[in-house]
Amino acid sequence: MQIGGIKFQFPVFLAPMAGVTDRAYRIIAHDMGCELVYSEMVSAKAINFRNDKTLNMLETIPEERPIAIQLFGSNPDDVSKAGEYVTKLGVADIIDFNMGCPAPKVVKNGDGSALMCNPDKAERVLSALVKSTDLPVTVKIRSGWDRDHVNAVDIAVRAERAGVAAVTVHGRTREQFYRDHADWNIIRDVKDAVSVPVIANGDVRTEKDLSEILRVTGADGVMIGRAAQGNPWIFREMKSFLMSGKIMPKPSVEERCNIIMEHLDMLLTYKGSYIGPREMRKHATWYTRGIYHGAKLREKFNKAESREDFVSILKWMLENIRQ
């Protein structure tokens, strides 16, 4: 699979997720074999206002490249200026545009999946972004707004006409949020309608899911979101499956402990001794999901305030839990 001039041998990518795909987790996913990671979505308007917190979200390092910086907005001029700024920073290999976020605070401003309700405007925004940069531009969409307005095919055709290099389709409507099972058939319809690469997204948790979504959709690649939370090993597992058809064993308790400390130490470096441990709490509960004494571990992690607290919890975990 190729996006612009970037070739991917094993196109199973890390989805952009707010509060999850920061630099630390992107590096971990990359180390596990993920060939393309995405930033958290970044407001085009906030970039243009040069908001410090927003600009910090744009910082990348070589260890996480190639990376797609995902922008959101609904004003063509705002998005164009933000695209130009990101390009000049030299922090991205791809610029992705978000038309899939269902969050009310995003949608109420006409951004995210709300743009799918206005195909003409969506096309203008994408065209403006493409013209603002020499980087490949991609777009992430949903199947539609609700079941009475499933228009992913029309939006994808317009996106290709605007010049995008690839389209990612999440097989749910905005109305569904993350409920029910994703409709992989709409992804197939998009694949049949456009000539640019199509990336399938929605309900890929296992090697069987990966095989099935590729069979049903004919997609060129797959994007994994929620199933990657606390599970960067999924990229190693999917790569092994694509290479050999073999199912890898799940990570041991020791591996889980090691990755928690690696992740925590990066958060301490990038976000400091106060924010780092507090952001690590949710990641640690995800990393230990499904193992014995999980509820007790969650209780412990949610009270952790320092590196020492995590070391103590992991010591208890190693002494009391075996798979």
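Me: Which residues touch the most other members of the largest nonpolar core?

Reply: In soluble globular proteins, nonpolar side chains tend to be buried together. A nonpolar core here is a set of buried Ala, Val, Leu, Ile, Met, Phe, Trp, Tyr and Cys residues joined through side-chain atoms within 4.5 Å. Buried means under 20% relative accessible area, exposed over 50%, and partly exposed in between (1.4 Å probe, protein chains only). The largest core has 89 residues, of which Leu71, Phe97, Met99, Ile141 and Phe235 touch the most other members. Helix H11 (residues 253-287) supplies the largest share of this core, twelve residues. Another core, of twelve residues, lies apart from it and includes Phe8, Leu36, Ile199 and Met223.

Me: What should I know about the model and the numbering?

Reply: The model is predicted: local features need pLDDT of at least 70, side-chain atom pairs count only at pLDDT 80 or more, and totals for chains, interfaces and linings use all residues. Residues are numbered from 1 along each chain as its sequence is written, and side-chain values use heavy atoms, with hydrogens and water left out.

Me: Is strand S8 buried or exposed?

Reply: Helices (H or I, at least four residues) and strands (E, at least two) are DSSP runs, numbered from the N terminus. Strand S8 (residues 137-144) has eight of its eight residues buried, so it is largely enclosed by the rest of the structure.

Me: Which strands are joined to S8 by bridges?

Reply: Two strands pair if DSSP finds at least two bridges between them. Strand S7 (residues 94-99) runs parallel to S8, with five bridges; aspartate 96 stands opposite threonine 138. Strand S9 (residues 166-173) also runs parallel to S8, with six bridges, and valine 169 is the bridge partner of isoleucine 141.

Me: What unit do S8, helix H7 and S9 make?

Reply: A crossover is right-handed if, with the strands pointing away from the viewer, the path from the first strand over the helix to the second runs clockwise. S8, helix H7 (residues 152-162) and S9 make a right-handed β-α-β unit.

Me: Which elements do the buried residues of helix H1 pack against?

Reply: Contact means heavy atoms within 4.5 Å. In H1 (residues 23-31), seven of the nine residues are buried. They pack against strands S3 (12-14), S4 (37-38) and S6 (67-72), and against helices H10 (233-244) and H11. After H1 comes glycine 33, with a positive phi near 110 degrees.

Me: How many salt bridges are there?

Reply: A salt bridge is a side-chain nitrogen of Lys or Arg within 4 Å of a carboxyl oxygen of Asp or Glu. The count comes to 23. In one of them, arginine 23 pairs with glutamate 64, the closest N and O atoms being 3.9 Å apart. Arginine 23 lies in helix H1 and glutamate 64 in the loop between helix H3 (52-57) and S6, so the pair ties together parts that are 41 residues apart in sequence. Arginine 23 is buried at 15% relative accessibility, and glutamate 64 is buried at 0%.

Me: Which residues are linked in a network of salt bridges?

Reply: The network links Asp120, Glu123, Asp154, Arg158 and Arg161. Glutamate 123 lies in helix H6 (residues 119-132) and counts as buried at 17% relative accessibility. Leaving aside neighbours within four places in sequence, glutamate 123 contacts Arg158, Arg161 and Ala162.
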